[in-house]
Amino acid sequence: MIEVQNLSKHYGDKKAVNGISFTANDGEILGFLGPNGAGKSTTMNMLTGYISSTGGKALIDGVDILENPIKAKKNIGYLPELPPLYMDMTVKEYLNFIYDLKKCKLPRVSHLKDICGLVKIDHVYNRMIRNLSKGYRQRVGLAQALVGNPPVLILDEPTVGLDPSQIIEIRTLIKKLGKNHTVILSSHILSEVQAVCDKIIVINEGRIVADDTETALSDKLTGAHILTAKIEGEVEKVQKLALSIEGVEVCKEINEREGVHEYRIESEEGVDIRRELFKKMAGADCPILELKSAELSLEDIFLKLTMGDAAAEEREA
Amino acid sequence: MGAIFRREVLGYFTSPIGYIFLAAFYAFSAVFFTTSSIQNGSTEMNTMFSQLMLVLVVLIPILTMRTMAEDKRSKTDQCLLTAPVSLGGIVAGKFLAALLTFTCAVSVTIVYAVIVAGYSEPDWMVIIGNIVGLELFGASFIAVGIFCSSLTENQVVAAVISFISILTLNLLSILGGLLPWEFLQNVFTKLSFYERYSGFTFGMFDLSNVLFFVSAIVIFLFLTVRVLEKRRWS
């Protein structure tokens, strides 16, 4: 279990992390979502004892990382943003080094073999790390974090630089690991965090913007009231039809390809216009070729979350 | 500590650094041995030992330049500093690995002593004293070099700072001689690494010199730990 209380890191005047608090329970996958420079890596570096905090506390299984670092570090497997690999070693030498470094007690050969099977690096086991591709290096980094089977895994952007199939593999693996580890992972991709995590913490400029369970937050975050639709037919006709539906506020053409126009349709929040839209367009012989909720970019999310806060504050006042 | 020690030794001998260091040391010591002992037909090896000082000033920075700097540059320090190992253990592991490589180099002087012994009975106690002295002298340079390496993430910068520091520590007595105050001259002479080492090459085994080098090693390794600690806080 991880407990973070009011953790801060200041670099001179710059507040890289500014008083964040959260808890991650056993067997929970917690996602850190935030743009580059939000303080995700700094927080993770503090949790793992790589850098110290300016204020606040971080407890790993009840052990303070600053007061009893060696005991706390025993329970953590850490994959930093850039996997800390020695390029002049083979995967085998490197993992054996990590095994010794962590003073691991598990049976050496079978434990390392299990890990290599899990992250699928068995066939590069005897190759030099410097000759491995980015994807394999990332996996060796993950393997390194898993050595010693620590109850807490901290993974900093584990899927960056991987190809799509590798991303899916790693995500599946993290989900699997989440069943018997506490996992904290960071990402700047909303869909990734949504796909993997039980709980999401959104951070920006060193502060927590939102802390919620995945379902509740994704309801808040998906732009259910903003749709993008590809509809055949004349632009004016389609727009007129769309706007005639109750609750539709905006219908804007955003793209055109081979006679099919793409529209961005915004409705009042909480109103589902999809059925009505389908009926209207079908009735007017303007077939809908594609209809989906607009994906929110991180900027939209922050805007939304911070605007939500502002609105709430206004209401309270 | 053991893991870091093994990894560092492996690092010296999977990269050219270890081999270059050993080859250069063997070559220079062989030249000094030939010119001072063989060509003079003497069993006296003190001259060779005192000349080796110059070689160490240049070679030790090459041996230690990557110890801390490379870890910082390639971010592998993240793996060491987040592992359940103390900072002291990390520094000690790296120090001992460099010391082992250096000992491999120094051990060649035993071969020279055996060669000399083939001609006539040498003064073994003096030779053993010299070897111990050279080992301590080099070990204190290694500690200085590791400390300098922890200050930067650029290996070349680390090597240059180490070179200047080691040279300065050796020449403290000469630098002190430039000062007008006798008290300071004495202090500088006492602190000069070369003055301490030259005692060994005269065949004197002075315990205070041994303690001096051991203290220097402890102080510089301790400072290295402080640098690592400070980096986490800033």
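What follows is a set of questions and answers on a predicted model.

Q: Why is B:Val111 called partly exposed?
A: B:Val111 has 13 other C-beta atoms within 10 Å, whereas a residue counts as buried at 20 or more and as exposed at 12 or fewer, so B:Val111 is placed in between, as partly exposed. This residue lies in helix 7 (residues 108–117) of chain B, and its C-alpha atom is separated by 27 Å from that of B:Ile217, 106 residues apart along the chain.

Q: What makes helix 3 (residues 46–64) of chain B a kinked helix, and where is the kink centred?
A: The bend at a residue is the angle between axes fitted to the seven residues ending there and the seven starting there, and in helix 3 of chain B a kink of about 40° is centred on B:Val55. The helix has 19 residues and reaches 26 Å from its first C-alpha to its last, close to the 27 Å expected. Its buried residues include B:Phe49, B:Leu52, B:Leu56 and B:Leu63, and among the elements covering its buried residues are helix 2 (16–38), helix 6 (87–106) and helix 8 (124–150) of chain B.

Q: Why is strand 9 (residues 199–204) of chain A described as largely enclosed?
A: Six of the six residues of strand 9 of chain A are buried, so the strand is largely enclosed by the rest of the structure. A:Lys199, A:Ile201 and A:Ile203 point one way and A:Ile200, A:Val202 and A:Asn204 the other way, all of them buried.

Q: How do you know that strand 3 (residues 29–33) of chain A pairs with strand 9 of chain A?
A: Pairing requires at least two bridges, and these strands have four, in the parallel sense; in one of them, A:Leu30 has A:Lys199 as its bridge partner.

Q: What makes strand 7 (residues 152–156) of chain A a largely enclosed strand?
A: Five of the five residues of this strand are buried, so strand 7 of chain A is largely enclosed by the rest of the structure. Both faces are covered, with A:Val152, A:Ile154 and A:Asp156 on one side and A:Leu153 and A:Leu155 on the other. Strand 6 of chain A pairs with strand 7 in the parallel sense over four bridges, and five bridges join strand 7 to strand 8 (residues 182–187) of chain A, also parallel.

Q: Why are strand 2 (14–24) and strand 5 (63–64) of chain A called edge strands?
A: In the open sheet of four strands, ordered 2-1-4-5 with antiparallel pairing, strand 2 and strand 5 of chain A each pair on one side only. Within that order, strand 1 (residues 2–11) and strand 4 (residues 55–60) of chain A pair over five bridges, where at least two are needed.

Definitions and conventions. Residues are numbered from 1 along each chain as its sequence is written. Chains are lettered from A and ligands numbered from 1 in the order in which they are written. This is a predicted model: local features need pLDDT of at least 70, side-chain atom pairs count only at pLDDT 80 or more; totals for chains, interfaces and linings use all residues. Helices (H or I, at least four residues) and strands (E, at least two) are DSSP runs, numbered from the N terminus. The expected span of a helix is 1.5 Å times one less than its number of residues. Two residues are in contact if their C-beta atoms, placed from the backbone, lie within 7 Å.
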